[in-house]
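User: Please take a close look at the interface between the two chains in this model, and describe it in one connected account.

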Amino acid sequence: MSGRDGGAEATRGLRDWVDEVRGTALRDEAFWTRQRAGIRGRLDVPGTRRWAWALALGASVATAAVAIVMTGRGPSGPVTPGVPATVAVETASDDDDQLLVEVEIAVMREVPLAYEAVDFQWNGARDPEAD
Amino acid sequence: MARDTSPAIGIDAMTETGLDAAAFDGLVRGHQKRLYRLLLAMTRDPDEADQLTQETFVRAFRHRDAFRGEAAAGTWLTRIAINLVRDRSRSGAWRFWRTLFRRDGEAAVEAEQVPDGAPDPERQVLARRDAEAVGRAVLRLPVRQRAAFTLRYVEEMTLEEIAASMGCEVGTVKAHLARATAAVRREVGHERP
């Protein structure tokens, strides 16, 4: 960029602009470290999402189980007329245990109960017990 | 001076089965300064350049399967960075906000750049005016011309290197450079009384 009218100024301007850009681009080490941290934070590390989903699902199931148990028990517990208090408590406890067992079974189940028939239709042939 | 002298760190840092964190960190370290400088020259906005630099590496990682190893990792990263600037320039919202804040941002940069106790104030003023005119002209260039111009003058790349980075022929690079240079010269000429 030199020669004809305005060429010398343009060349000088270009040189100064380049120096300015290079000077502005010189940042301290903290900037580069922060930038690298920002990049790492935005990467989809393989498996991370799957674990996040599993954790979220587990947390949801646990919360739901606790909510169900707490709702079933109620603030003071049902009192059945004519039934001794100890028996009523034992009954409630049995109900809670039964509910917890059901929740555990539901959590352990690979396919939700409502979809078992469909799953059997699709995947029944691959079931080792079906062989 | 501005050429990348960092050790050659390949894209194979991003393994197919998982992230080798240390290796990828090395890739970032090896290229982040050069990419930031390029993006700063193309956007004239330090925050924008920072964001785009980060986005370049994130996009490179996400699309690492597309990297065939035919070009150097640096060339591939440069191409991603240029594409990001192009995508950003197409965004109407981005143009609007950039136009809105450009004047303040330039004033801040200019205030930082004026050195104290300069021996020839008049010459300093003229030089600054020319440099500003060049910066303005570069910002107004179409993205491909801007990329070619910046890679040539800031990164001091050869025509062949620019062509590889932009994914085009050397002849196309020459055409971009010729148009860009003419536009810059016109801008500086208009600034002069």
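Analyst: Between chain B and chain A there are five salt bridges, each being a side-chain nitrogen of Lys or Arg within 4 Å of a carboxyl oxygen of Asp or Glu. One of them joins the side chains of Asp50(B) and Arg34(A), with N to O at 3.1 Å. The side of chain B that touches chain A draws at least two residues from each of helices H1 (21-43), H2 (46-62), H4 (92-113), H5 (121-140), H6 (143-153) and H8 (170-191), helices being DSSP runs of H or I with at least four residues, numbered from the N terminus. By class, that side has 22 nonpolar, nine polar and 15 charged residues, where Ala, Val, Leu, Ile, Met, Phe, Trp, Tyr, Cys and Pro count as nonpolar, Asp, Glu, Lys and Arg as charged, and the others, Gly among them, as polar.

This is a predicted model, in which local features need pLDDT of at least 70 and side-chain atom pairs count only at pLDDT 80 or more, whereas totals for chains, interfaces and linings use all residues; side-chain values use heavy atoms, with hydrogens and water left out. Residues are numbered from 1 along each chain as its sequence is written, while chains are lettered from A and ligands numbered from 1 in the order in which they are written.

The contact (heavy atoms within 4.5 Å) involves 46 residues from chain B and 35 residues from chain A. About 3,600 Å² is buried between the chains, 61% of it on carbon and sulfur atoms, buried area being the accessible area (1.4 Å probe) that two parts lose on being put together, summed over both. In chain B, Tyr36(B), Gln54(B) and Arg185(B) lose the most area to chain A, together 17% of what that side buries.
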